[in-house]
Amino acid sequence: MIKPEAQIHIRNLRLRTYIGFNDSEKNNKQDVIINAWIHYPAAQAYDTDDVENAVNYRTLCKEMIAHTENNRFLLLEKLTVDLLELCMTPKNVTFAKIEVAKPHALRFADSVSLTLSANRVQ
């Protein structure tokens, strides 16, 4: 019997927030691009076709938007770990990975990004 694991990918969530420690970064919102990968066992969701047995990606996305847009961050690491913790909140999530990119943070580079991941200890 197979036990598929669902893999949700929230791709290129484009938001604006205060991030950085230079004066211009502290005074002006910047673009960030967020990618999230969220894994959970899918059997209960597809067996019952009940939303209560799935990970509600809409709710997670709304929480990520609110947290990003309503706070200030000095480091990419802080924003990224906060978003990772949000994605690991549902009890059925077994793995999550978050990438946060700052477009145009470096001259001649499209972006700088940081990625963090976590596994739920069973």
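In which sense do strand 1 and strand 2 pair, and over how many bridges?

**View 1. Pairing of strand 1 with strand 2.** Strand 1 (residues 5–19) and strand 2 pair in the antiparallel sense over eleven bridges; two strands pair if DSSP finds at least two bridges between them. Strands (E, at least two residues) and helices (H or I, at least four) are DSSP runs, numbered from the N terminus. Ile34 in strand 2 is the bridge partner of Leu13. This is a predicted model, in which local features need pLDDT of at least 70 and side-chain atom pairs count only at pLDDT 80 or more, while totals for chains, interfaces and linings use all residues. Residues are numbered from 1 along each chain as its sequence is written, and side-chain values use heavy atoms, with hydrogens and water left out.

**View 2. Strand 2 beside strand 4.** Strand 2 (residues 30–41) is mostly covered, with nine of its twelve residues buried (under 20% relative accessible area, 1.4 Å probe, protein chains only). Strand 2 also pairs with strand 4 (residues 95–103), in the antiparallel sense and over seven bridges. Here Asn35 stands opposite Glu99 of strand 4.

**View 3. Thr94 in its loop.** Thr94 lies in the loop between helix 4 (76–87) and strand 4. Thr94 has a relative accessible area of 18% and is therefore buried. The side chain of Thr94 makes a polar contact with the side chain of Glu5 (3.1 Å). A polar contact is a pair of N or O atoms within 3.5 Å; within protein, one must be able to donate a hydrogen and the other to accept it, and residues adjacent in sequence count only if both atoms are side-chain atoms.

Definitions and conventions: Buried < 20%, exposed > 50% of the residue type's maximum accessible area, 1.4 Å probe, protein only.
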